[in-house]
Amino acid sequence: MKHATFTDGSSPIPLNTLFCVGQNYAEHAKEMGSTVADTPVIFFKPVNAVVTDGAPVIIPAITTSLHHEVELTVLIGTGGRDIPRSSALSHVAGYGVGLDMTMRDVQSAAKKAGMPWATAKGFHTSAPLSPFVPAARVPDPQALEISLAVNGALRQRTSTATMNFSVAVLIEYLSSVFSLESGDVIYTGTPEGVAAVTAGDELAAELHGLVSITHRIVAR
Ligand code: MG
């Protein structure tokens with residue numbers, strides 16, 4: 001069983017469902033040839049796709065276009081259904097940074113065919129995930145900065161203030177459709193600047209001033 005860990009050494013909790021949000025930043029939607037939707041675009045990754053700091057990300061044999069997507073991650077501490085946005089943040093145990101690794105060629109083919117994204121998004125090692133900063137240390141999740149460097153060169157950087165659907169709104173929406181439970185993680189979407197990586201690349205993702213992770217890309 002995989003666990004969420006905390007930067008302050010609090011007891012780890014078992015990971016449950018990995019909810020992922022698509023196209024939550026206007027500039028990324030634009031670079032994908034799309035616009036932000038009226039309601040959040042949701043997909044899943046399997047929990048066993050999670051890899052922790054330092055673990056390799058393996059390029060699947062079926063892709064020639066593995067992309068990085070750096071994202072703010074949100075760990076649910078207290079579950080529920082129909083959680084209003086006004087109290088949503090009280091359900092959060094912590095905030096972190098993750099990578100929604102994506103086989104862009106496989107995703108594009110699926111989009112074109114009207115087929116699901118599960119293969120493109122949920123493959124083995126597709127979900128790098130940092131330890132979580134306890135929510136008490138984060139007064140406003142929309143006032144954070146996330147970034148990604150590849151081999152030391154900055155590729156993505158944004159303030160979470162530019163998210164289309166805020167963390168509170170995402171929790172309200174998800175809990176109106178699904179049952180949220182302790183150990184669920186929300187990957188909240190990526191800003192612009194996604195691009196391909198190749199074997200040997202080193203990815204450094206950071207939630208500024210709070211936590212960071214490093215992952216090397218390896219060939220299968
Ligand atoms: Mg994403």
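Modeller: This is a predicted model. In it, strand β16 and strand β17 (residues 211-219) pair in the antiparallel sense over six bridges.

Biologist: What makes β16 and β17 a pair?

Modeller: Two strands pair if there are at least two bridges between them. β16 and β17 have six bridges, so they count as a pair.

Biologist: How do you know that the side chains of β16 alternate?

Modeller: In β16 (residues 202-207), Leu203, Ala205 and Leu207 point to one face and are buried.

Biologist: In what sense do β6 and β17 pair?

Modeller: They pair in the parallel sense, over three bridges. Val57 has Ile217 of β17 as its bridge partner.

Biologist: What is the order of strands in the six-stranded sheet?

Modeller: The order is β4-β3-β15-β8-β9-β12, in an open sheet with mixed pairing. β4 (41-45) and β12 (133-134) are called edge strands, as each pairs on one side only. Helix α5 (residues 167-177) packs on this sheet and touches β3 (18-22), β4, β8, β9 (92-99) and β15. The direction of α5 makes about 60° with that of β8. Within the sheet, β8 (residues 70-76) and β15 (residues 185-187) pair in the antiparallel sense over three bridges, and Leu75 has Val185 of β15 as its bridge partner.

Biologist: Why is one side of helix α3 called its buried face?

Modeller: The buried residues of α3 (residues 104-113) are Arg104, Gln107 and Ala110. Seen down the helix axis, they fall within an arc of 125°, so they line one face. An α-helix has 3.6 residues a turn, so residues three or four places apart point the same way. Lys112 and Ala113, on the other side of α3, are exposed.

Biologist: What covers the buried residues of α3, and what follows the helix?

Modeller: The cover includes α1 (26-31), β7 (66-67), β10 (102-103) and α4 (118-122). Gly114 follows α3, and its phi is positive, near 70°.

Biologist: Why is Thr63 called buried?

Modeller: Thr63 has a relative accessible area of 8%. Buried means under 20%, so Thr63 falls in that class. Thr63 sits in the loop between β6 (57-59) and β7. Leaving out residues up to four places away in sequence, Thr63 touches Met103 and Asp105.

Biologist: What makes the link between the side chains of Thr63 and Asp105 a polar contact?

Modeller: The contact is 2.6 Å, and the limit for such a pair of N or O atoms is 3.5 Å.

Biologist: Is Thr5 buried, partly exposed or exposed, and how do you know?

Modeller: Thr5 is partly exposed, because its relative accessible area is 35%, and the class runs between 20% and 50%. Thr5 lies in the loop between β1 (3-4) and β2 (13-14). Not counting residues up to four places away in sequence, Thr5 touches Pro12, Pro131 and Phe132.

Biologist: What makes Glu69, Glu71 and Asp100 donors of the magnesium ion?

Modeller: A donor atom must be within 2.8 Å of this metal. Glu69 (OE), Glu71 (OE) and Asp100 (OD) lie 2.0 to 2.1 Å from the magnesium ion, so they qualify as its protein donors. Their spacing in sequence is E-x1-E-x28-D. Glu69 and Glu71 are both buried.

Technical notes: Residues numbered from 1 in each chain as written. Predicted model: local features only at pLDDT ≥ 70, side-chain atom pairs only at ≥ 80, totals over all residues. Heavy atoms only, no water. Buried < 20%, exposed > 50% of the residue type's maximum accessible area, 1.4 Å probe, protein only. Helix = DSSP H or I, 4+ residues; strand = E, 2+ residues; numbered from the N terminus. Arc of directions from axis to C-beta. Contact = heavy atoms within 4.5 Å. Axes fitted to C-alpha atoms, helices over the stretch in contact; angles between N-to-C directions. Donors = N, O, S within 2.8 Å, 3.2 Å for Na, K, Ca; no water. Polar contact = N/O pair within 3.5 Å; in protein donor to acceptor, adjacent residues only side chain to side chain.
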